[in-house]
Amino acid sequence: MRTKLWVITATAVILAMAIPAAAHHSFAAEFDGDRPVTLKGTVTKMDWVNPHSWIYVDVKDQSGKVVNWRFEMGPVNALLRMGWRKDSIPAGTAVEIQGYRAKSGQPVANAKQVKLPDGRELFSGGSAPNLP
Amino acid sequence: MRRTLLHIAVASILAAGVLPSLHAQRPQDQTPAKWTPARTPDGHPDMQGLWARRGAALTEANAPKTPLSEFGATGQPYPTVFNTGVSTPQAAAALANRPAGVIEPANRMLPWRPEADAARREFLSNMIPPASLKYVEASARCVPPGLLGGDDRHPYQIVQRPGSFVLMYEYNHVTRVVYTDGRPHVGPNIRLYMGDSIGKWEGDTLVVDTTNFNDKTSFSQAIPFHSDALHTTERFTMVDPYIIDYQLTIEDPKLFTAPIRIAGAFAAAAKGSEMLEFACAEGSQTLPNIFGFGEFPGQ
Amino acid sequence: MNKRAVVLFAFWSFLLALPALAQAPARGIPRAADGKPDFNGLWQVLGTAAWDLEDHNGSLRMPAGQGVVEGGAIPYQASALPKKRENFQTRDINDPAEAACYMPGIPRATYMPFPFEIIQNPKLITMSYEFGHARRSIFTDGSPHPDGFPDFWMGDSRGRWEGDTLVVDVTNLDDRTWLDHAGNHHSDALHVVERYTMTDPDHILYEATLEDSKVFTRPWKISMPLYRRMEKNVRILEYECVQYIQEQKYGNAKPVGAK
């Protein structure tokens, strides 16, 4: 049975009092804020690690070739406290992910939001800036 | 003899029964007593539990723009507030009305030594892209955070024992044991990322004196280093069941010409929250990404 | 008062004090406010389990040691032996604790050659290890292991008291930790049950039973004493091997794309 996921509401934003921005690490060293991406694909696996968890997604490019993308998400504890569990997004789930590309040009991005097939959106708990 | 004992027994029972009701009959217009904390067996305020720290940052007016701060705050609500942040609307309201960040100097113009300010601006200009390992942001290298470099989106656990007050950071699993047993600081050649902390109770306030810092931790994105002359004083005072008032004084004579005082608070976490493991180096891809080699195992 | 009153008084006093006498410690170990043995303090293992849990001879920078495994050998399934051999041969570059300073996991964190501090209150016992400032929380509030959590390097620990023995149940252990520097290993099915029993004020008997249906043929047990660090004003210091190793690996390196 898939664990029910929580969706963060606007009230949570109000509760997020002055958290110092100082805390987060080098988004800017690894990712490009000027290169947003939105990709659709199928989840292959998820790595629960700190300081950033990763979700791996098979994405078909324009030529039809499948490339396995790696998306950086928030720390394990952020995901757990949002209600994510190990079985929350099993391999094979179709997702749409918004994020920012890595500067290296590799198929790597920092994920901002993960959209599930039923339209629910999960904040990744990651570090990327607000999307437009 | 038996009669005497009987009298004593009856009198005791009656007294035990009557006294409580005497207390209850006190007039209702008496003003409520000032809140006082529960106490640990050795008589100090019991601050034990899981807390979220808020406000305690080296907020600097006219901080230089840094490549790191280019993207500003993280934007997304960080979910720790659900289970480890504010536990009640009253605590939320209290936090909103409390001072936060630098309160002395009041204008938050930090009293920089000119050469130290110049050195940090030079340092900042080498951080994106990092010119070498030391210019990679400290938190990305999993450097123990010192007193201010930690990520306050992760909670803190307080445990008190006779002789010490323990402040555990979930972030990077560092643990500060503040000794209150009268021992001296360690010798001057022992240098620690988290410093060496000695505490003293002044009434119901715990005053923590920390020395013996090394010079390897970071204060903030805009103040990426400090010297080993750093000396801090913290004051912990529980003001109600949901808020511990936190004051931090920083003295670093190699950076600043005067002490700086910071205000913050620890807000009680929601019931049932637990400290989780925050393993840092174990999962970090940052340095292999930045340097192009060195993923473990194998490289 | 007359003699009879004194006798009566003594009789009743004794009767009323009986329950307290029954709880009095037979061996004089320190007790916490809740009556449980007080493990607060710094502890350290003196043997060589950190290098190798089984019998081993001396070699450069490694002392000889008699094994701590009950029965002598770790009962591996035959299919798990090649990995043990490969780990041993490559241990200087592949040991996650020694080569990368990753947290050692349980039970290895107990017997690393560094002190650890037990920080105890009635609902929470925390072990703060000097090696890499590793730490774990042992929840003694009756809560169960959480459902659906990922694995942790130091596992998820839930403790309870059986008389004067602290029994700790550890699950969710990341399969990348090793059990020692000799490369003894386990899978994500590892389940460890530890027992801490104070034998006198300055010694704890540490026992751990390990079971892992993917790697071992049966549960097996290790045991060793923990010695209290007796020095005046002793405290946990810092062994920040992540930083030392980073400096070694990247200290002279140039980032990709650096000027």
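This is a predicted model: local features need pLDDT of at least 70, side-chain atom pairs count only at pLDDT 80 or more; totals for chains, interfaces and linings use all residues.

**Entry 1, confidence overall.** For chain C I noted an average pLDDT of 93, with 92% of the residues scoring at least 70. Within chain C, residues 22-26 have a pLDDT below 50, and I found that this stretch makes two contacts in the model beyond near neighbours in sequence.

**Entry 2, confidence in chain A.** Here I noted a mean pLDDT of 74, with 70% of the residues of chain A reaching 70 or more. Residues 1-24 of chain A fall below 50, although I also recorded that this stretch has 52 contacts in the model beyond near neighbours in sequence. I then asked where in chain A confidence is lowest and where it is highest. The lowest value belongs to helix H1 (residues 10-15) of chain A, with a mean of 33, whereas strand S2 (residues 54-60) of chain A has the highest, at 93.

**Entry 3, make-up of chain A.** I listed three helices and six strands in chain A, and along the sequence I read their order as α-α-β-β-β-α-β-β-β. Chain A has 132 residues, of which 43% count as buried. Turning to contacts in chain A between residues at least 6 apart in sequence, I noted that 55% of them join residues at least 24 apart.

I followed the strands of chain C in the order S1-S2-S3-S4-S5-S6-S7-S8-S9 and recorded a closed barrel of nine strands with mixed pairing. From one strand to the next, the twist averages 30°.

How many bridges join strand S8 of chain C to strand S9 of chain C? I found eight, between residues 203-211 for S8 and residues 220-228 for S9, and the two strands run antiparallel. Taking individual positions along this pairing, I placed C:Tyr206 opposite C:Met224 in S9(C), and C:Thr209 opposite C:Lys221 in S9(C).

I then looked at strand S1 (residues 41-44) of chain C, which pairs with S9(C) over two bridges, likewise in the antiparallel sense. There I recorded C:Tyr227 in S9(C) as the bridge partner of C:Gln44. In my notes S9(C) therefore stands as a strand that pairs with S1 of chain C and with S8 of chain C, given that two strands pair if DSSP finds at least two bridges between them.

Note on methods
Residues are numbered from 1 along each chain as its sequence is written. Chains are lettered from A and ligands numbered from 1 in the order in which they are written. Helices (H or I, at least four residues) and strands (E, at least two) are DSSP runs, numbered from the N terminus. Axes are lines fitted to C-alpha atoms, for helices over the stretch in contact, and angles run from 0 to 180 degrees between N-to-C directions. A residue is buried if 20 or more other C-beta atoms lie within 10 Å of its own, exposed if 12 or fewer, and partly exposed in between; C-beta atoms are placed from the backbone. Two residues are in contact if their C-beta atoms, placed from the backbone, lie within 7 Å. pLDDT is the predictor's confidence in each residue, from 0 to 100.
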